[in-house]
Amino acid sequence: MKKNRALTLLVSSIFILSAVGCSSMTPAASTTNAPVTIIASEDYPSYGSVDALSERADTIVKGNVIQTRVQALNDMAQANSSAPNDINAAESAENEQVSFDKIYTIYTVKVTDSYKGRYSAGDQIEVKQLGGQLGNTEIVNDDSVKLIPTKDYVLFLETYEDTPASLLNTVQSLYVIKPASKSNQPSEQSASDVIISANPENDLTLSLSELQQIKDKQSNP
């Protein structure tokens, strides 16, 4: 969970700096309801292989989006206001907690196949991505790839008890199922579906056989 605290602190720090900047530049913003745009970025670890990615994920599913909403969620981050060289102050602040509300887009995904985790076909799972607009406040996260209801996805997720699941990272954890084009000739065998990354910056390729291996490993630990 150390990774998540670092991510939350980074994004929340951007939120604070942006809000302070807006307040100092436009003192009357709170009374004029001036729009606020916050540019956010995320700092997740990357993975060197599909095996490493699947080992880290506690849930891997295929599904499609059936509902989308935008919601402010409260996250917890470690507060550390010490100078970089002040080791003692850093250690004393290590356990202090500070909460932030951040805007997320939350997708409800209907599971059509499960490769790892407790979900089964027909279940629904909520997946959150940082970014979205509520009222006059918008968080823009260029790292995220929006999920489209007309597409089928494979998602590598980390799940939590009290908040929607998250992709392991924004680049390597989301794949699109591209249906095979069926031949008009009955005698010709149709090609298999193809899995492509939803993010063009992803250097990992995922195949149907790898997904089946993950599923078999889940069934026969």
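These legends accompany close-up views of a predicted model of one protein chain.

**Figure 1. Overview of the predicted protein chain.**
The model is a prediction, and the protein chain in it has five helices and ten strands. Of its 221 residues, 37% count as buried. Among contacts between residues at least 6 apart in sequence, 69% join residues at least 24 apart.

**Figure 2. The aromatic pair of Phe156 and Tyr175.**
The structure holds one aromatic pair. Its members are Phe156 and Tyr175, arranged edge-to-face, with 5.9 Å from centre to centre and 65 degrees between the planes. Phe156 belongs to strand β7 (residues 152-158) and Tyr175 to strand β9 (residues 174-178), so the pair ties together parts of the chain that are 19 residues apart in sequence. Both Phe156 and Tyr175 are buried.

**Figure 3. Lys128 over the ring of Tyr104.**
Lys128 is found in strand β4, which covers residues 124-130. Lys128 lies over the face of Tyr104, and its distance from the ring centre is 5.9 Å. With a relative accessible area of 8%, Lys128 is buried, because buried means under 20%. The side chain of Lys128 also reaches the backbone oxygen of Pro164, at 2.6 Å. Leaving aside neighbours within four places in sequence, the residues in contact with Lys128 are Leu73, Tyr104, Thr105, Ile106, Tyr160, Thr163, Pro164, Ala165 and Ser166.

**Figure 4. Leu130 in strand β4.**
Leu130 is found in strand β4, the strand that also holds Lys128. At 5% relative accessibility, Leu130 counts as buried. Leu130 and Ser144 are 14 residues apart in sequence, and their C-alpha atoms are 7.6 Å apart in space.

**Figure 5. The second largest pocket and its lining.**
The volume of the second largest pocket is about 250 Å³. A total of 14 residues line this pocket, and the closest to its centre are Thr105, Gly131, Gly132, Asn141 and Lys146. The elements that give two or more residues to the lining are β3 (97-116), β4 and β6 (137-141). Strand β6 gives the most, with four residues.

**Figure 6. Asp113 and its link to Lys215.**
Asp113 is found in strand β3. The side chain of Asp113 makes a polar contact with the side chain of Lys215, at 2.9 Å. Asp113 and Lys62 are 51 residues apart in sequence, and 5.1 Å separates their C-alpha atoms in space.

**Figure 7. Leu204 in the loop between β10 and α5.**
Leu204 has its place in the loop that runs between β10 (194-197) and α5 (208-219). The relative accessible area of Leu204 is 9%, and the residue is buried. Apart from neighbours within four places in sequence, Leu204 is in contact with Tyr47, Gly48, Ser49, Val50, Leu53, Gln172 and Tyr175. Tyr175, in this list of contacts, is a member of the aromatic pair with Phe156. The C-alpha atoms of Leu204 and Val171 are separated by 9.3 Å, and the two residues are 33 residues apart along the chain.

**Figure 8. Leu211 in helix α5.**
Leu211 has its place in helix α5. Its relative accessibility is 1%, and Leu211 counts as buried. Leu211 touches Ile60, Tyr115, Val154, Ile195 and Leu206, when residues up to four places away in sequence are not counted. Ile60 and Leu211 are 151 residues apart in sequence, and from C-alpha to C-alpha they are 9.0 Å apart in space.

Key
Residues are numbered from 1 along each chain as its sequence is written. This is a predicted model: local features need pLDDT of at least 70, side-chain atom pairs count only at pLDDT 80 or more; totals for chains, interfaces and linings use all residues. Side-chain values use heavy atoms; hydrogens and water are left out. Rings of Phe, Tyr and Trp (its six-membered ring) pair if their centres lie within 6.5 Å; planes under 30 degrees apart count as stacked, over 60 as edge-to-face and the rest as tilted. Buried means under 20% relative accessible area, exposed over 50%, partly exposed in between (1.4 Å probe, protein chains only). A charge sits over a ring if NZ of Lys or CZ of Arg is within 6 Å of the ring centre and within 35 degrees of the ring normal. A polar contact is a pair of N or O atoms within 3.5 Å; within protein, one must be able to donate a hydrogen and the other to accept it, and residues adjacent in sequence count only if both atoms are side-chain atoms. Contact means heavy atoms within 4.5 Å. On a 1 Å grid over the protein atoms alone, a cavity is a set of points where a 1.4 Å probe fits but cannot get out, and a pocket is an open set with protein on both sides within 12 Å along at least five of seven lines; lining residues have an atom within 4 Å of a point. Grid points are joined across faces, edges and corners, and a volume is the space filled by probe spheres set on the points.
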